[in-house]
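Let's read this model together, one feature at a time.

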Amino acid sequence: MPPSELLLSVVVPCFDEEAVLPELERRVTAACEGVAPGAYEIILVDDGSRDATATVIAGMSARNGAVVGVGLARNYGHQIAITAGLTFARGRRVLVLDADLQDPPELLPRMMSAMDGG
């Protein structure tokens, strides 16, 4: 999809998150489909993980065209990982979520509504 048509980018910094990534992908995809069907991207930034996070992200990206994998050479920290993801974001709106599902992806519609309200 051309960048001008992307309505939403969701940036997710990831560090040693291999166990939660499948559930994260499922829930973020469902939330994005609810607010921007077919017009979103999910940017997963591997922040130098020591586990199989990079491999899991690569697999997701290979089978799901909405998933964009970004890999950092080493662990730079949460804020740098977010900044890296923002660099790649092409959506008209960009939202940031943590990979650990501490903020439920199901809140995306409310977040977007709050943005609409100013």
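Q: Is Arg27 buried, partly exposed or exposed?
A: Buried means under 20% relative accessible area, exposed over 50%, and partly exposed lies in between (1.4 Å probe, protein chains only). Arg27 counts as buried because its relative accessibility is 19%. Before going on, note that this is a predicted model, in which local features need pLDDT of at least 70 and side-chain atom pairs count only at pLDDT 80 or more, while totals for chains, interfaces and linings use all residues. Residues are numbered from 1 along each chain as its sequence is written, and side-chain values use heavy atoms, with hydrogens and water left out.

Q: Which residue forms a salt bridge with Arg27?
A: Side chains of opposite charge can pair when their charged atoms come close. A salt bridge here is a side-chain nitrogen of Lys or Arg within 4 Å of a carboxyl oxygen of Asp or Glu. For Arg27 the partner is Glu106, with the closest N and O atoms 2.8 Å apart. Glu106 lies in the loop between S4 and H4 and Arg27 in helix H1, so the pair ties together parts that are 79 residues apart in sequence. Glu106 counts as partly exposed, at 43% relative accessibility.

Q: How many salt bridges does the structure hold?
A: There are 6. One of them joins the side chains of Glu25 and Arg63 at 2.8 Å, N to O. This pair links distant parts of the chain, with Glu25 in helix H1 and Arg63 in helix H2, 38 residues apart. Glu25 is buried, at 9% relative accessible area, whereas Arg63 is exposed, at 59%. Another salt bridge is between Asp116 and Arg93, whose closest N and O atoms are 2.2 Å apart. Since Asp116 lies in helix H4 and Arg93 in strand S4, the pair ties together parts 23 residues apart in sequence. Asp116 is exposed, at 55%, and Arg93 is partly exposed, at 23%.

Q: How many residues does helix H1 have, and which of them are buried?
A: Helices (H or I, at least four residues) and strands (E, at least two) are DSSP runs, numbered from the N terminus. An α-helix has 3.6 residues a turn, so residues three or four places apart point the same way. H1 covers residues 21-35, 15 residues in all, and reaches 21 Å from its first C-alpha to its last. That is close to the expected 21 Å, which is 1.5 Å times one less than the number of residues. Its buried residues are Leu21, Leu24, Glu25, Arg27, Val28, Thr29, Ala31 and Cys32. They pack against strands S1, S2 and S3 and helices H2 and H4.

Q: Which residues touch the most other members of the largest nonpolar core?
A: In soluble globular proteins, nonpolar side chains tend to be buried together. A nonpolar core is a set of buried Ala, Val, Leu, Ile, Met, Phe, Trp, Tyr and Cys residues joined through side-chain atoms within 4.5 Å. In the largest core, of 24 residues, they are Leu8, Val10, Val12, Leu24 and Leu44. S1, H1, S2, H2 and H4 each supply at least two residues of this core, and the largest share, 5 residues, comes from H1.

Q: What is Thr53 in contact with, beyond its neighbours within four places in sequence?
A: Contact means heavy atoms within 4.5 Å. Thr53, in helix H2, is in contact with Cys14, Asp16, Glu17, Glu18, Leu21 and Asp46, those neighbours left aside. Thr53 counts as buried, at 0% relative accessibility.
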